[in-house]
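Hello! Here are some notes to read alongside the structure, arranged as numbered points.

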Amino acid sequence: MLLLTEKRRLRADLIHFFEGVAIHIHCGYDLAYAWNEVLRGVGQVMAPAFVTLMLFQDGGTLADTLNRLSNSYPDPSHRLWFTILAQLYMQGAGMSEAVTAAAETLDREQARDLDNHCRTLPGRLNLRILLFFLPPTLLLLFCPLLLEWGFE
Amino acid sequence: MIGFVLAGGILPFLICWGISYSLKRRITSSTRHGRPGGPQLVSLQCSLILASALLGAIIAGYLWGRPIFGLVLGAIPSLCGERASSLWLFQRNHRKVEEASVGFLTALQGLLKSGIGLSSALFQLVESPQSTWAPFAGLLDASLIRFHSGTSLSACLTRARDRTSLPGLRLGLGLVQMAYCQGLPILPILGRTLEWLERDLAARARIRDLARAAWAQLAIAVSLPWIVFTTLAYFEPGLWRHFRESTQFWPVVALALSLEIVGAYSIRRCACFC
């Protein structure tokens, strides 16, 4: 179960990763090559957990990695993209459009999430202030009074 | 006691802090010849703490005959104040660099479109006295200066990437460096980087504004119970004394404090986007 912030961070990394891969494919490189090159080139600025997840494991191929990710990517809502990419890759179809579409969709999702975060933040803050700061005020105000009135 | 604290701790701290703040502003705003927060600043911080402690010891020794208290009282506030002011200055400086990077990269895009190579475009922009992108140009300049001594452009770009804090910019510079090494076209990457950067900056500014309001609310919320408590103690000293002498005093204060700490942590987590 991912925390909301972890989910957003993972999505941001995935967007940047797909953008990098899309640019490589657009320039005529193969998906498997682009995949490794992006991880090698910009892996240092991404979360280490994300890079480990995307790496080819145990000498596997890209098809194996895509299948693994489509079954076990931490955010279930993004597994669909890996399933689509795996199918297209195995059929030998063009990948550029699919990868770009994935990056753009995830990007829009992130922007919607940010909008939602900004819209609901004041309400959530007020709720926390009421929950955590009103009780101490009441406690420090009424405890001396209750003691004075004989409530031990 | 108040006079002792004022003479031994606060006065030396204020004198030294005032001097160091103006020096730090000069150091952090001139990123051209060194990284903000580098050895220059650390030595300044250490000397400020030392000077503040020594001044505290001299004043306290002269006025009260207890230099050791002045030493401690002079060092503690300067340590805390130093850390807070440095953090604030660094954040302000990083923000300036981030904002300047958009203008710089737009100009770089323009130069690349007109057919100039990446290295000459970078040097042309870094050396131009354009104030709008000066903070970012200064940061790049500090990395690109090694190019003249034989370091490859790719290594210089990697160094510049590692010196920035904005994730979008780090990634953008990383992609530009990767494209340069692979011989890929840089213009589409730069275009996408600019889009991310602008969006990233707008999002961060929005979150910062919201967080600022949240911190203001938090400051009021944290101090309110204690203001109420102090007011009660001031106007009803008998009530306060009775409560102070009871067994419930420390548990109630501890409970109020723990609730506030949990609340502050919860608000901090809540204001963070990712």
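1. A word on terms before the first pairing: contact means heavy atoms within 4.5 Å. Helices (H or I, at least four residues) and strands (E, at least two) are DSSP runs, numbered from the N terminus. With that in hand, A:Cys143, A:Pro144, A:Leu145, A:Leu147 and A:Glu148 of α6(A) touch B:Leu239, B:His242 and B:Phe243 of α9(B). By class this contact has 6 nonpolar, 1 polar and 1 charged residues (Ala, Val, Leu, Ile, Met, Phe, Trp, Tyr, Cys and Pro count as nonpolar, Asp, Glu, Lys and Arg as charged, and the others, Gly among them, as polar).

2. Please keep in mind that this is a predicted model, in which local features need pLDDT of at least 70 and side-chain atom pairs count only at pLDDT 80 or more, while totals for chains, interfaces and linings use all residues; side-chain values use heavy atoms, with hydrogens and water left out. Residues are numbered from 1 along each chain as its sequence is written, and chains are lettered from A and ligands numbered from 1 in the order in which they are written.

3. Across the whole interface, 48 residues of chain B meet 47 residues of chain A. Together the chains bury about 4,700 Å², 74% of it on carbon and sulfur atoms (buried area is the accessible area, 1.4 Å probe, that two parts lose on being put together, summed over both). B:Leu171, B:Cys270 and B:Phe273 supply 14% of the area that chain B buries against chain A, more than any other three residues.

4. Chain A has 6 helices and 0 strands. Of its 152 residues, 47% are buried (under 20% relative accessible area, 1.4 Å probe, protein chains only).

5. Do look at B:Arg161, which lies in helix α6 of chain B (residues 153-163). B:Arg161 is buried, with a relative accessible area of 4%. Leaving aside neighbours within four places in sequence, its contacts include A:Gly41, A:Gln44 and A:Val45, as well as B:Arg170 and B:Leu173.

6. Finally, helix α5 of chain B (residues 134-144) has 9 of its 11 residues buried, so it is largely enclosed by the rest of the structure. Among the buried residues are B:Phe136, B:Leu139 and B:Asp141.

Note on methods
Buried means under 20% relative accessible area, exposed over 50%, partly exposed in between (1.4 Å probe, protein chains only).
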